[in-house]
Every structure is written in structure tokens, then in C-alpha cells.
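Trainee: Hi! Could you walk me through this one, starting with the aromatic rings?

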Amino acid sequence: MQNEVVSREEWLEARRALLAKEKEATRLRDSVNAARLALPWVKVDKDYVFETPDGRKTLADLFDGRSQLLIYHFMLGPDWDAGCTGCSFLSDHVDGALPHLNHHDVTWVAVSRAPLDKIAAYKQRMGWQFPWVSSFGSDFNFDYHVSFSPEDLAKDKVFYNFTPMQPADANDELPGLSAFYRNDKGEVFHTYSSYARGPEELIGTLMILDRAPKGRNEDSTMNFVRRHDEYEEAAKAPSCCH
């Protein structure tokens with residue numbers, strides 16, 4: 001389906017009207033960012049231990065000498081054969097950002113409940129470099145409401161995205177992003193978490209598609225996405241010479 005075709009003057013009028021909305025959205029985003037930075041913090045008193053390629057590490061260890069830690073709750077359960085497609089899509093955008101994050105005092109780590117050997121195999125398949133550790137045997141995923149036991153899913157409600165939801169709409173693993181701060185005394189604080197479509201702005205491909213003529217061209221949220229090694233080769237564009 002093709003949009004209405006108009007004169008350049010009519011297009012400019014419509015574009016300026018959209019520009020006003022885009023500026024409004026930018027100002028709103030700035031306001032939301034300021035409110036996010038102003039959120040109160042919660043001290044993390046529980047001792048969480050993770051399996052890493054360098055041995056067992058605590059949550060404080062994951063900061064890797066920096067004061068800020070972003071943890072991506074990657075959906076890869078202990079009995080899963082492969083990582084979540086959507087989480088994989090987001091993670092495709094991380095490696096290029098790592099030098100910038102690290103030099104801005106921010107460490108990025110993915111955390112999954114899958115055992116470390118399964119994480120390592122999938123990470124190698126995808127060709128990623130970012131740190132990825134296992135919380136298997138820890139309460140971490142459950143405490144941050146991204147993993148649900150069979151007993152949880154048998155209840156009337158589960159708690160996800162700060163809201164009770166129907167277990168039929170949940171899963172044993174769900175995505176999210178959590179932020180932590182470590183002060184000079186070594187104390188760790190939980191500062192922020194975001195779930196569902198909250199981390200969507202981290203997916204640069206979606207931001208690019210939003211500016212393409214057909215946009216995301218999806219029937220449901222990210223239904224077009226595949227793991228980057230699962231796309232079928234696109235048919236060649238027809239040549240005007242044949």
C-alpha cells in the first residue's frame with residue numbers, strides 16, 4: 001500500500017507538523033531520562049554468586065573495577081536449546097558499544113540461568129564478545145522477576161514489569177535490564193530495572209527501521225526478527241537489464 005502522493009509544498013507542511021511532534025518527543029525523553037536518574041536506590045544486601053569463565057564471582061565482582069553495572073537479563077533457561085530470538089537481536093547491538101561504555105565507567109554483563117557451558121556454546125555461535133555469566137543455582141533471576149519456577153507459573157498471578165500478570169502471558173524466562181551502582185566502600189545498590197519493551201531503544205536496528213518508508217513492517221512486536229544466522233538469503237533484486 002502506498003501513501004498519499006502530494007506536492008513538495010504539501011509534504012513540507014506535513015513534515016513540519018511531524019517535526020513539532022518529534023521535538024516534543026525529544027523533550028519528553030529528556031524529562032524521562034532526568035526522572036530515571038533521580039530514582040531512589042535500594043541497597044543490595046543479598047549475596048549473589050555467578051559462574052563466569054574466570055570462576056565464581058559476586059555481584060560486586062561483575063562491576064570489573066567500574067562503579068556502574070548494566071545487567072541484561074538474557075532469556076536462556078537451563079533446558080533451552082538456544083537463546084531467545086529477541087534477546088539475541090538486542091545483543092547483536094552490544095559489542096560495538098562496549099568500548100564506549102567501559103570508558104564511561106559502565107560495565108555491561110548478560111546474565112542467564114543456563115549453565116556456563118551452554119552460554120559459551122551459544123555465545124560462540126553468535127560471535128559475541130560481551131561478558132555473559134550464569135546465575136544457575138542463584139536466586140538472582142527470581143529476585144529480579146525475570147525467571148519463574150513451575151510453582152510460580154501455577155499461581156493465579158506472576159509479577160513482571162512491576163505488575164501482576166496472568167501466568168498464561170508469562171514464561172519460565174522473560175527479558176529485562178537492571179542497573180546497579182557500587183560506591184567506594186564496595187556497597188552495591190539497585191538503581192533501575194526495565195522489562196518487556198522497556199529496553200527497546202537499545203536496539204538500533206529498530207530505530208533505523210522506524211525511519212524507513214515501511215517502518216518495522218511487523219504484524220506483532222518484532223515478529224520479523226530471526227537470529228542473525230537464520231535469515232534466508234534474500235532474493236536478488238531484479239535487474240533493469242533483463
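Mentor: Happy to. A word on terms before we start: rings of Phe, Tyr and Trp (its six-membered ring) count as a pair if their centres lie within 6.5 Å. Also keep in mind that this is a predicted model.

Trainee: Got it. Which residues do ring pairs link into a cluster?

Mentor: The cluster consists of Tyr72, Phe74, Trp108, Tyr122, Trp128, Phe130 and Trp132, joined through ring pairs.

Trainee: And how many aromatic pairs does a search of the whole structure find?

Mentor: The search turns up 21 aromatic pairs. One of them is formed by Trp41 and Tyr181, with 4.9 Å centre to centre and 40° between the planes, and it is tilted. Trp41 sits in the loop between α1 (8-37) and β1 (42-43), while Tyr181 belongs to strand β9 (residues 176-182), so to speak a link between distant parts of the chain, 140 residues apart.

Trainee: What about Phe50 and Phe140, what kind of pair is that?

Mentor: That pair is edge-to-face, because the planes are at 75°, and the ring centres are 5.1 Å apart. The cut-off for that label is over 60 degrees. Phe50 comes from strand β2 (residues 49-52) and Phe140 from helix α5 (residues 140-143), 90 residues apart, and the pair links distant parts of the chain.

Trainee: Buried or exposed, those two?

Mentor: Phe50 is buried, at 0% relative accessibility. Phe140 is buried too, with a relative accessible area of 0%.

Trainee: Phe140 makes me curious about Ser138. Where is Ser138 found?

Mentor: Ser138 is in the loop between β6 and α5. Its relative accessible area is 10%, so Ser138 counts as buried. The Ser138 side chain reaches the backbone nitrogen of Phe140 at 3.0 Å.

Trainee: Leaving aside neighbours within four places in sequence, what is Ser138 in contact with?

Mentor: With Tyr48 and Val49.

Trainee: Switching to helices: which residues of α4 are buried?

Mentor: In helix α4 (residues 116-126), the buried residues are Ile119, Tyr122 and Met126. They lie on the same side of α4, because they cover an arc of only 70° around the axis. Tyr122 is also one of the residues in the ring cluster.

Trainee: And what is exposed on the other side of α4?

Mentor: Asp117 and Gln124 are exposed there.

Trainee: What covers the buried residues of α4?

Mentor: The cover includes α2 (85-91), β5 (106-112) and β6 (132-134). Just after α4 comes Gly127, with a positive phi of about 75°.

Trainee: You mentioned β5. How many bridges join β4 to β5?

Mentor: Six bridges join them, and strand β4 (residues 68-73) runs parallel to β5. Leu70 stands opposite Trp108 in β5, and Trp108 is another member of the ring cluster.

Trainee: In which sense do β4 and β9 pair?

Mentor: They pair in the antiparallel sense, over six bridges. Gln68 has Tyr181 in β9 as its bridge partner, which brings us back to the residue that forms an aromatic pair with Trp41.

Trainee: Last one: which ring does Arg8 lie over?

Mentor: Arg8 lies over the face of Trp11, at 5.0 Å from the ring centre.

How values were computed:
Residues numbered from 1 in each chain as written. Predicted model: local features only at pLDDT ≥ 70, side-chain atom pairs only at ≥ 80, totals over all residues. Heavy atoms only, no water. Phe/Tyr/Trp six-rings, centres within 6.5 Å; stacked < 30°, edge-to-face > 60°. Helix = DSSP H or I, 4+ residues; strand = E, 2+ residues; numbered from the N terminus. Buried < 20%, exposed > 50% of the residue type's maximum accessible area, 1.4 Å probe, protein only. Lys NZ or Arg CZ within 6 Å of the ring centre and 35° of its normal. Arc of directions from axis to C-beta. Contact = heavy atoms within 4.5 Å. Polar contact = N/O pair within 3.5 Å; in protein donor to acceptor, adjacent residues only side chain to side chain. Pairing = 2+ DSSP bridges.
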